[in-house]
Amino acid sequence: MSGRVLLVNPARHFIANQNGLGYLTPLGLVCIGGPLIEAGFTVKLIDHDAYGWSFKKLIKEVGKFQADYVLLGHSGSTASHKVALKTIHEIKTVYPHIKIIYGGVYPTYADQSILRECRDVDFIVRGEGEQTIVGLIRTLENNGELEYVDGVTWRKGDQIIANRPRTPIKDLDEYRPGWELLDWSLYKMFGFERAAGLQFSRGCTLTCSYCGQWMFWKKWRHRSPENLVEQMRILSQEYGVKLIWFADENFSADKDTVKRLLELIIAARLDLSLNINMTAADVVRDADIIHLYKAAGIDYIVMGVESLKDDIIVNIRKNNPFETSKEAVRLLRQNNIISLTNIIYGLEEESWETIWEKFKGLLELDSDILNAMYLTPHFWTSQGKTVKPSDIIQSDLNKWSYRNQVIATPKLKPFELFIGVKLTEALFHLRPRALKRLFFGTDKRYLKIMRSSMLVGIKVILAEIFEFMFQTKFTPQGSLDKLPGLETHLPLLK
């Protein structure tokens, strides 16, 4: 194979990354890069986000590599789409002969409208890409029939063709990540010099109404525990990684499988700090083996609590009533595992009363870290399909990052909701019990991560206040007749 493939992570510049949280490896591109290398292509990865280059510098590097194909993918979904299109446009303007391939969650669902309105994009890979990207580039190299490449949307003249969906990968072990593509000096987090993203499983057993990940991955699948531990060993021993953040939507969906995995990690003695996403219900289910999580190096568990009201939990198809969430936090604290809980504002009609109720509930929940988010109506989700375009007050897709208000709240103006959320975050993290644990805890890694998180949190909140005051404009309620992002892609380049 002679094709030269350049993988580009667009420069999203999310506030948390820029203000001390650090950058994680662009896992999607790494997972695609490995199979491309194995197929015999020449592959290079540029993390434009982490490098912070100008577009002029990026274009120079594209030319230096002499790419035949540029593939852009991102984990930022809707919020990264605008900069992805901008990056594509800059590359295509200078190098019109390069084939541009675009993949990820957002383009998977907006494939038709993107190709209809953005001529710079040549192909869209829908869904997971390991098999699809190799099949697509092989077909292009051999002048084959594109109709037979499953999972691709493309143009045939003026006609847009969406090939049939690709069947989900059955054996994830067959596809190795291309770790050698990374500039490892870029990736740090929580004071650890080398940090990596990794994925044990794909998909989720839940079908939460606000989330589209379970739809994207089709069904829950996982690498073999043995294969995953081997990848962890490679990261630790060959690349000096000290922290791994698992990108799984639901790391512990199957108890027997995760127990086997934890035992293998413990036996491998890799001394890694691990962060995972897990449901509160699964934490409680695994009460008898939580000690294995800590022994395996799991220092940090993110739980999507979302709401503290049981009726809302039922409505959004979650499985964690408030008492379950409280018990999960208690179990994690008992084992010196940091608990970060996500709470979504906008699942109910927000008012000063609901903000106060949430604050009191959060004090009772007593998790270590609060991540306060806003309901973001991605058009392919169940929740997004119920939102009226006239209720959207943020038309800038860059702001659809879960940390900015998108949907109007009739009882609160945007600045009032913003003040309520930021006060909640600040007062929650400054409560006496939290400060006592922060200053007088005994677990070294707990203290290292928590203290780093608090410093980052202060910087992020200050940056978000600046952004809200000087860089955020709201669209008048009732002025939109369609959800932003479903159409009108070309104006995003302006």
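Start by selecting Cys118: at 1% relative accessibility, this cysteine counts as buried (under 20% relative accessible area with a 1.4 Å probe, protein chains only). You are looking at a predicted model, where local features need pLDDT of at least 70, side-chain atom pairs count only at pLDDT 80 or more, and totals for chains, interfaces and linings use all residues. Residues are numbered from 1 along each chain as its sequence is written, and side-chain values use heavy atoms, with hydrogens and water left out.

Next, pick Cys208, which is buried with a relative accessible area of 7%. Does Cys208 sit in a disulfide or in no disulfide? Cys208 is in no disulfide (a pair of cysteine sulfur atoms within 2.5 Å); its nearest cysteine sulfur, that of Cys204, is 6.1 Å away. By this rule the count comes to 0 disulfides.

Now move to Glu130 in helix H8, residues 130-141 (a DSSP run of H or I, at least four residues, numbered from the N terminus). Glu130 is buried, with a relative accessible area of 4%. Show its side chain together with that of Arg202: they make a polar contact at 2.4 Å (a pair of N or O atoms within 3.5 Å; within protein, one must be able to donate a hydrogen and the other to accept it, and residues adjacent in sequence count only if both atoms are side-chain atoms). Not counting residues up to four places away in sequence, Glu130 also touches residues including Cys31, Pro35 and Tyr175 (heavy atoms within 4.5 Å).

How values were computed
Helices (H or I, at least four residues) and strands (E, at least two) are DSSP runs, numbered from the N terminus. Buried means under 20% relative accessible area, exposed over 50%, partly exposed in between (1.4 Å probe, protein chains only).
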